[in-house]
Amino acid sequence: MELSKDAVVAPFIQVEEDEQGVLQNIAFTNDDTFNFSYDIVDRLAKKCPDKVAMIHVSKEGKERTFTFYDMSRYSSKVANYLQFLGIRKGDRVMLVLKRHYQFWFAILALHKIGAVAIPATNLLLKSDFEYRFKTGDVDAVLCTADGAVSKEIDKAARSYKGLKVKIMVGASRPGWRSFNKEVKYFSSHFARPRGENAIRGDDPMIMFFTSGTTSYPKITTHSFKYPLGHYITAKYWHQVDPEGIHFAISDTGWGKALWGKLYGQWLCEAAIFTYDFDEFDAKEILHMIEKYKITTFCAPPTVYRVMVHLKLDQYDLSSLQNVTTAGEALNPEIFEKFKAKTGLTLMEGFGQTETTLIIGNLVGTTPKPGSMGKPSPQYEVKVMLPDGTLAEPEEEGEIVISTEENTPNGLFTGYYGDEEKTNAAWHDGYYHTGDTAYYDEDGFLWYVGRTDDVIKSSGYRIGPFEIENEIMKLPYVLECAVTAVPDPIRGQAIKASIVLANGQEASDKLKTEIMKSLKKNIASYKWPKILDFTKELPKTISGKIRRKEIKEHDWNENVE
């Protein structure tokens, strides 16, 4: 079927669905000059100017509602403002704006200019900014006034002289331009660049610094075609309702924000909800879902791990039509507990900073608890063995994407300034994700772990996730991580680092109980040799567990 001719995406996307609305195929057209700000937001401002684009609630509780007309108008004002400050096509502009509503104005404005947006978290420190400024050749920065982050930027700027301008949102300081005071003086009309300044679909649009689980962060670069790749994310995975409201938990410093707070949702003409909180509070999130009658919700597994320990029947979640999760593999135990408490089925998905949604439980799928789902029709996904051959069902291998025939919209263009790392990940007609999994006989994919997380013990290759799933079944466990430790006989032995739920006390008796449960439910070669209770697990600033850090600590300690 074709999309309705009045849909704003109709000139750019064609989809084929079966009679049940299950996606069979997707194709992209007219994307050589596609620009999300002009071709989607500005068109929506003309088509449905009064339609709500975003409901924004500040940390103080102040509510703001922005229509598509507002988004079009303010993004043009900001584009004129930034151009006045010297920002030009191709300039790289860092956005450190938390969940402030000005982030949406700014990123859309950068798209209109043809400049490159670099989202970044406010948790970064001086050394983090120094690295990002120099590696990303950053030209300018828009920063929140909240906290001390602007001072960290000032410290970093002392050794980096490439910044044209520093702009502060919400307040002002010496050496910084004041966004809120100055932007209001600029025109709300910004003409689409033509001629030599015209923006091409393959031009760089956004750069993400990866969370750096194994090395210094790489810079993932996406083109102006990237937003189109999120149509499947929103329509067939999130299943957003054009008359509903989508709520995704993510700071704007991370790629997940653009998965759930902008591109796909507005391609589907659905409103988004943003709560600009500082500290995560699951009860407050549930209150927001209840109060604003959120229809679709997406959060990382960590959020659901906390929620299943709450009295969810105290909240009216009846407005929710679909709930999704990604960022880390979802433990089946959390899937089952959440469904038992809410009646809602968690639709898991998998993707990376380098991609849009690669694998997921899309419309028409009956999820298998613990499975990532099936490949998106947008990507040709394979599982590859270490020798380069493709895996059979039940064989573990690396998730790869074939690019022999074409490069799918949504896949990155490369790592900025690092041809060596680009070629290491993308070669011989395949992009290598670095994540391992296996297919089952029904075509569902099951996550095993990062390629460098796999444990090799007594000749066995052991994925940590399977053991973690068993530990997570225990009611007193909040989260856990399974890693390798050196062993003189096995080569590597298995260690489980465990965070207990509130109110639970670590004890030898509890360790015995955990081991007793594991010995009943998993093969002997997967039994942990060490159980370690810890207050918290090391995580990246995007919230992913750093198993590598636990492993390095244990191996270095052993060497010493």
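Q: Which element supplies the largest share of the lining of the second largest cavity?

A: Rolling a probe the size of a water molecule over the atoms shows where empty space is left. In this predicted model, strand S27 contributes three residues, the largest share of the lining of the second largest cavity. Strand S27 spans 477-487, and helix H16, 547-559, likewise supplies at least two residues. The lining comprises Asp 452, Asp 453, Ile 455, Val 482, Thr 483, Ala 484, Arg 547 and Lys 551.

Q: What volume does the largest cavity have, and which residues line it?

A: The largest cavity has a volume of about 50 Å³. Its lining consists of Pro 119, Ala 120, Thr 121, Leu 124, Arg 132, Phe 209, Gly 253 and Trp 254. Of these lining residues, five are nonpolar, two polar and one charged.

Q: How many cavities of 30 Å³ or more does the structure hold?

A: There are four cavities of 30 Å³ or more.

Q: How many disulfides does the structure hold?

A: A disulfide requires two cysteine sulfur atoms within 2.5 Å. The structure holds zero disulfides. For Cys 48, the nearest cysteine sulfur belongs to Cys 268 and is 13 Å away. For Cys 298, the nearest is also that of Cys 268, at 14 Å.

Q: Is Cys 48 buried or exposed?

A: Cys 48 is buried, its relative accessible area being 14%. Cys 298 is likewise counted as buried, at 0% relative accessibility.

Note on methods. Residues numbered from 1 in each chain as written. Predicted model: local features only at pLDDT ≥ 70, side-chain atom pairs only at ≥ 80, totals over all residues. Heavy atoms only, no water. 1 Å grid on protein atoms, 1.4 Å probe; cavity = no way out; pocket = protein on both sides within 12 Å on 5 of 7 lines; lining within 4 Å. Points joined across faces, edges and corners; volume = space filled by probe spheres on them. Nonpolar A, V, L, I, M, F, W, Y, C, P; charged D, E, K, R; others polar. Helix = DSSP H or I, 4+ residues; strand = E, 2+ residues; numbered from the N terminus. Buried < 20%, exposed > 50% of the residue type's maximum accessible area, 1.4 Å probe, protein only.
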